[in-house]
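Before reading further, please open the model and keep the sequence beside it. The points below are meant for someone meeting this structure now, and they go from the terms used to single residues.

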Amino acid sequence: MSLQSQIETLRSEISAAIAGADTETALDAVRVAALGKKGSVSALLATLGSMDPEDRKAAGPAINGLKNDVAGLIDARSISLKSAALEARLKAETLDVTLPLQPAPTAKGRIHPISQTIDEITAIFSDMGFSVAEGPDIETDYYNFTALNFPEGHPAREMHDTFFMKPGPNGEKKVLRTHTSPVQVRVMQKTNDKPSASYLTPPQDPPIRVVIPGRTYRNDSDQTHTPMFHQVEGLVIDKSSHIGQLRWVLEEFLKAFFEVPNVTLRFRPSFFPFTEPSMEVDVQCDRSGAEVKIGEGNDWLEILGCGMVHPNVLEHAGLDPSVYQGFAFGVGIDRLAMLKYGMPDLRAFFDADQRWIEHYGFRPLDLPTLFGGLSN
Ligand code: PHE
């Protein structure tokens with residue numbers, strides 16, 4: 001067989017094998033069989049060495065031409081195999097972009113109206129220069145009553161429907177705190193000889209401006225009372241703090257909280273053992289419609305208790321009443337939340353009903369701020 005026909009036979013055999021290789025591995029086997037050390041094209045190339053120079057002149061370019069052509073065909077086939085493989089993978093790995101996304105936890109979860117209200121209250125008071133303090137829910141009789149000028153055995157202690165705990169080993173009967181006022185004393189406390197004086201928030205030196213939000217407990221339950229409820233206490237102590245400032249602070253707070261331009265307050269004389277004078281505050285409102293509207297109308301709604309801190313309380317806390325004076329107030333948080341967000345029944349707050357929290361709850365990332373809006 002002439003060299004020429006040998007080359008053409010090889011060319012057509014190898015071309016057919018390349019075209020028939022349908023995987024990279026099969027193609028590689030074809031490459032080795034043709035161009036590998038012992039391949040058919042390599043074997044033909046090896047014959048060049050023993051040719052006489054005249055024959056080699058013609059045979060060399062012909063055989064090398066075959067070798068280059070085969071290499072070119074293999075490369076081209078490899079490229080088309082690779083793109084076919086990619087296409088097949090893309091087809092197999094389709095992603096259905098029309099599938100609905102799972103809502104993120106931050107979109108699904110809801111902040112309880114109580115937490116929202118506490119955040120709103122602390123945002124407002126922080127803006128007025130108040131800090132936030134906390135005390136324990138399980139309180140000693142001393143902080144809940146005695147230090148607050150409730151005399152031993154005085155009926156005022158029963159005024160609160162207190163939950164008493166079983167007496168401890170030393171006979172001491174702890175209570176579930178009936179108000180946030182005991183934290184007033186913990187914040188002012190100048191001496192450390194009282195038990196757990198700095199329980200959650202360390203005591204401060206005057207001038208003091210704090211708000212104290214927290215859970216409180218009384219044995220009471222109806223549409224507007226639950227055995228556990230929430231209060232926020234305010235306390236301001238300085239050398240010349242006075243009722244005028246108390247009134248201003250309350251007005252500014254209530255305007256900001258109810259997001260109204262004006263509020264009118266009515267101060268009525270009242271009694272608390274730990275303030276003198278003591279007052280109850282009503283806010284002007286309109287009760288003619290389905291919802292109570294604050295800042296307009298002809299009705300009054302009792303909203304908080306307040307007064308000038310009693311000298312005995314300052315003394316119990318180790319402050320000299322001839323140097324320091326101040327005012328305090330206590331507001332029911334649940335009440336504020338019900339009024340602002342139009343929730344009719346307090347008991348629903350603590351039922352853990354998913355539908356209720358979805359309706360009344362707040363989106364977790366919509367944090368209340370004075371510049372961004374408290375409730376939106
Ligand atoms: N602690 C009082 C209550 O629970 C409210 C109050 C606080 C009154 C501070 C005066 C000053 O009813």
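1. A cis peptide bond, with omega about 0°, joins Pro206 and Pro207.

2. Please bear in mind that this is a predicted model. The average pLDDT of the protein is 90, and 96% of the residues score at least 70. Over residues 194–198, however, the pLDDT is below 50, although this stretch has 12 contacts in the model beyond near neighbours in sequence.

3. As for the overall layout, the domain assignment gives domain 1 (3–92) and domain 2 (109–360), and the C-alpha centres of these two domains lie 92 Å apart.

4. Helix α1 (residues 3–20) has 18 residues, and from its first C-alpha to its last it reaches 25 Å, close to the 26 Å expected at 1.5 Å a residue. Within α1, the residues Ile7, Leu10, Ile14 and Ile18 are buried. Because these residues cover an arc of only 65° around the axis, they are on the same side of α1. An α-helix has 3.6 residues a turn, so residues three or four places apart point the same way. The buried residues of α1 pack against α2 (24–35), α3 (40–46) and α4 (53–92), while Ala16, Ala19 and Gly20, on the other side of α1, are exposed.

5. Thr47 is placed in the loop between α3 and α4, and with a relative accessibility of 31% it counts as partly exposed. The side chain of Thr47 reaches the backbone oxygen of Leu44 at 2.4 Å, a contact that the reader may wish to look at in the display.

6. Is Gln231 buried or exposed? Gln231, which is in strand β5 (residues 228–238), has a relative accessible area of 11% and is therefore buried, the cut-off for buried being under 20%. The side chain of Gln231 reaches the backbone nitrogen of Thr180 at 2.9 Å. Leaving aside neighbours within four places in sequence, the contacts of Gln231 include His179, Ile212, Arg218 and Val331.

7. Gln325, in strand β10 (residues 325–332), is partly exposed, with a relative accessible area of 34%. Although Gln325 and Ser240 are 85 residues apart in sequence, their C-alpha atoms are 6.4 Å apart in space. Among the residues that Gln325 touches, not counting those up to four places away in sequence, are Val236, Asp238, Ser240 and Leu314, and the side chain of Gln325 reaches the backbone oxygen of Ser241 at 2.9 Å.

8. Some backbone angles also deserve a look. Most residues other than glycine have a negative phi, and most peptide bonds are trans. A cis peptide bond joins Glu276 and Pro277, with omega about -5°, and Pro277 is found in strand β7 (residues 275–286). Asn149, in the loop between α7 (141–144) and β3 (175–176), has a positive phi near 70° and, at 19% relative accessibility, counts as buried. Ala352 also has a positive phi, of about 55°, although it is not a glycine. This residue, Ala352, lies in the loop between α11 (333–341) and α12 (354–360), and it is exposed, with a relative accessible area of 78%.

Terms used. Residues numbered from 1 in each chain as written. Predicted model: local features only at pLDDT ≥ 70, side-chain atom pairs only at ≥ 80, totals over all residues. Heavy atoms only, no water. Helix = DSSP H or I, 4+ residues; strand = E, 2+ residues; numbered from the N terminus. Buried < 20%, exposed > 50% of the residue type's maximum accessible area, 1.4 Å probe, protein only. Polar contact = N/O pair within 3.5 Å; in protein donor to acceptor, adjacent residues only side chain to side chain. Contact = heavy atoms within 4.5 Å. pLDDT = per-residue confidence, 0-100. Domains from an automatic or database assignment. Expected span 1.5 Å × (residues − 1). Arc of directions from axis to C-beta.
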